[in-house]
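Reader: I am new to this structure and would like a close look at a single part, the place where the two chains meet. Please take me through it slowly, and then show me what lies around it.

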Amino acid sequence: MSRLFHNKINLIEKAKVQATDRLKIPRELVFGECILTLHGNHEVFIENYKGILECNDEFIWISAKELRICIEGRMLCVDYYNNDEMKVIGTINQISFMES
Amino acid sequence: MLSFFRYLKGYVFVYLYGFSPERFLNLCNNHHIKIWKVEPYEQGYQFNIFVSDLFRIKDFLRKTKTKVVIRKKLGLPFLLYRYRKRKIFFLCLALCAFSLFLTTRFLWSFEISGNRTLTKDIYMDFLKNENIFYGTPIHDINTSELEKQLRNQYDYITWASFQVNGTRLVLTVKENSGIISEAGKNTESSCDICASVSGVITKMVTRTGTPLVGVGSIVSSGDILISGLIPVYNDDETIKTIHKTKADGDIVIESNLEYKDEQLFRVNHKLYTGRESRKLILAYKDHEFHIQLPEEYEKYDIMSQNKIISFETYQYVPIYLGYERFMEYTNTEEILNKDMALCRINDRFLDFCKTLNQKGIQIIKKDVKINYKKDRVEVLINLTVRQSDGIMMPISNVTESGE
């Protein structure tokens, strides 16, 4: 029963992906994927995030849908954040993703 | 702009610490409480938050077991609260704002453009006659009436536009240059030709007018050479009428010119050492305020440069800002022999000849006398020069009555 249910979900997901590709709808609208806009290595804009997990001078952990984003660097600071967007400033050395 | 509105609303810089500050941040975000400049600090975070939101976070603090400490109070509400007892200051501030508003109701500057023959002073005089000057209330200015008046007063203005831009009256005009040149011709229509130097006339050709002298005549400076009055005689040789014309002709006069020069055998020269200092000057009319004192030298030249500080184009404010350059020099003495001294005089004379040549004066003859003295050599040169002469002078009443 659970296998059948699992297959059904997989089919829906596949259909979703196909429909998105065919209709050329942005993936962030359908799947809620986060968008990272990097300006050099001094500021990064993060959209579609869920919340701040941990914040430090050297790294910031942010949770997104099915992802955890880790921004590593020096003198990191959250310039502002709201429901839609977050701006992180400082010297960014590395951005890594972890599936949650 | 955003920071300005934040300043107006008033915000606090706080330090958040405790069990779960991250959860607190997320809770604030979910409840649309604006937080910015989040910096990690010791065990928690420091950030800015609006004063109004500070009272809404009590529940979140309890829920997340965190505490908040106010570090700084920023913004206009706090500033006003801090200076609430300084009533005179606020009164002066209000007065200042009111006076600023009041001054904007008056005219404080003029801009004139498009004029070619009529000077700006003429337009300023016109405005003065129309009772428009610095400090005239703007609502008293009727621009269309002024345009009409200006066009009526000056025929050769084909188009005029007055415009009030803030506290400035902008006048744009278009002048008809054709009529003016016609008028100019009329004023120059009758004139005499007079001698500008004393001497003997060697050549004379009269095109228009009555010649009063001839070749070989000795004339002195100011004498009329060709008169602009042409008498018309009756049959009995009495004057019927006198026509006025513009006298025209070519006159060449031979005259004497004296050139005198001397050269000392001992000459002092200034040798600049290269050391210099500057002194800043702020001046109001004749009163000078020295901003910076220069280094002291034994012998120095001063070169000054001043600039008028003017806030508006036609508004003269007698405030100068400038500097004086103090350039140090030492005296050196040079001893010349007779030949060298003569050579120096000769150089200067050649320069003088060059300037004469540029003026169209031709040297015919020269007599040179050299006089050697104990400490100097003196040179006297008598030059005979030939030059074309004749200056236009308006016909005077004396000449007319004399004729």
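**Where the chains meet**

Author: Strand S5 of chain A and strand S2 (residues 35-41) of chain B pair in the antiparallel sense over 3 bridges, where two strands are said to pair if DSSP finds at least two bridges between them, and where strands (E, at least two residues) and helices (H or I, at least four residues) are DSSP runs numbered from the N terminus. Within this pairing, Tyr81(A) stands opposite Ile35(B) in S2(B). This is a predicted model, in which local features need pLDDT of at least 70 and side-chain atom pairs count only at pLDDT 80 or more, while totals for chains, interfaces and linings use all residues. Residues are numbered from 1 along each chain as its sequence is written, and chains are lettered from A and ligands numbered from 1 in the order in which they are written.

The contact as a whole takes 14 residues from chain A and 12 residues from chain B, two residues being in contact if their C-beta atoms, placed from the backbone, lie within 7 Å. On the side of chain A that touches chain B, the elements that give two or more residues are strand S3 (49-55) and strand S5 (67-81) of chain A. By class, that side of chain A has 7 nonpolar, 4 polar and 3 charged residues, with Ala, Val, Leu, Ile, Met, Phe, Trp, Tyr, Cys and Pro counted as nonpolar, Asp, Glu, Lys and Arg as charged, and the others, Gly among them, as polar.

Chain A, which brings these strands to the contact, comes to 2 helices and 6 strands, and from the N terminus on its elements run α-α-β-β-β-β-β-β. Of the 100 residues of chain A, 19% count as buried, a residue being buried if 20 or more other C-beta atoms, placed from the backbone, lie within 10 Å of its own.

Turning to chain B, helix H1 (residues 2-9) is hardly covered, since the count of buried residues among its 8 residues is 0, and just after H1(B), Gly10(B) takes a positive phi of about 90°. Chain B also holds an open sheet of 3 strands, in the order S5-S7-S6 and with mixed pairing, whose edge strands, S5 (109-113) and S6 (157-165) of chain B, each pair on one side only. In this sheet S6(B) is joined by 8 bridges to strand S7 (residues 168-175) of chain B, the two running antiparallel, and Trp159(B) stands opposite Lys174(B) in S7(B).

Terms used:
Buried ≥ 20, exposed ≤ 12 C-beta atoms within 10 Å, placed from the backbone.
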